[in-house]
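Colleague: Could you walk me through how to read an annotated site in a model? I'd like the general idea, then the case at hand.

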Amino acid sequence: MLIERAPAKVNLTLHVLGRRTDGYHELDSLVAFAGCADRVTLATGDSLSLVVDGPMAQAAGAGGENLVLKAARAFAERFPGAKLGAFHLLKRLPVAAGIGGGSADAAAALRLIARANGIASDHPAILAAARATGADVPVCLASRARRMGGAGENLGPPLALPPLFAVLVNPGVAVETAAVFRALGLSHGEMARGASHPALPIAGGPDRVITALAAARNDLEVPAMRLAPAIGEALSAVRAVPGCRLARMSGSGATVFGLFDDCRAAAQARRAILARHPRWWVRGTALR
């Protein structure tokens, strides 16, 4: 039995630079990865299958549209004689939540497949399968903080960010990524009007990084809040907690995050938010 964690991806920044003529949006985003994660296992065998359980299993589904199966099939098409088998997904992360849960699961599945087939996780067949599976899957393969651009296909080098102590909050609503991008209203070939992504320090302590992050933004926040007003409620709840240095939406929502000076402040924030909103998904974590 082979086991991999599938950590949540958090967009610390997300600038939409414009919309390409092929319809995809051009992005510039700094991503980091959280301590909270799904778990994916693989028992090698002759047939490909998937069982999903855990608190978020029903929303994730175990059918052919699950990205774990999609990634496995994409790899098999590119690697003759591929060893696959029976996957098991313990689904803890919320679905359609802006934290790359499905993409992280697919990336974990590809890492398992690489191990089962005795190849590196950056083997060309693994990378090609990741790109074919979804825009966020390539960045989730290594699960390292880095800048990503294009529609997700352009990855910068891994960054040695200091640990950023955070609270992740999802108010229990699913948001369709495509609908949020449509709500931006950009036409094919149109450039966005917002300021370009600022240069961000990667050295120094958390205080310096958090201060720099405040100069950036998530351009999907406003259109996402129009579609799902609960996102605004979650942001307000995080900002109201004492010690919150920065609150922002991740990805296309509905998950938001708050950054704090230390793990104790983040833990206190988690308890305070859960006390007011016991049905929300709230996790304290460190982003790296």
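Colleague: With which side chain does the side chain of lysine 9 make a polar contact?

Modeller: First, a caution: this is a predicted model, where local features need pLDDT of at least 70, side-chain atom pairs count only at pLDDT 80 or more, and totals for chains, interfaces and linings use all residues. Residues are numbered from 1 along each chain as its sequence is written, and side-chain values use heavy atoms, leaving out hydrogens and water. A polar contact is a pair of N or O atoms within 3.5 Å; within protein, one must be able to donate a hydrogen and the other to accept it, and residues adjacent in sequence count only if both atoms are side-chain atoms. Here the partner is the side chain of asparagine 11, at 2.7 Å.

Colleague: Where does UniProt place the feature "active site"?

Modeller: UniProt positions use the numbering here, with shortened feature names, and annotations may be inferred rather than shown by experiment. In this case the unreviewed entry gives Lys9 and Asp136. They span 128 residues in sequence, yet no two of their C-alpha atoms are more than 8.9 Å apart, so they gather at one spot.

Colleague: Is lysine 9 buried or exposed?

Modeller: Buried means under 20% relative accessible area, exposed over 50%, and partly exposed in between (1.4 Å probe, protein chains only). Lysine 9 has 2% relative accessibility, so lysine 9 counts as buried. Aspartate 136, at 23%, is partly exposed.

Colleague: Which residues does aspartate 136 touch?

Modeller: Contact means heavy atoms within 4.5 Å. Not counting residues up to four places away in sequence, aspartate 136 touches Lys9, Ser103 and Met148.
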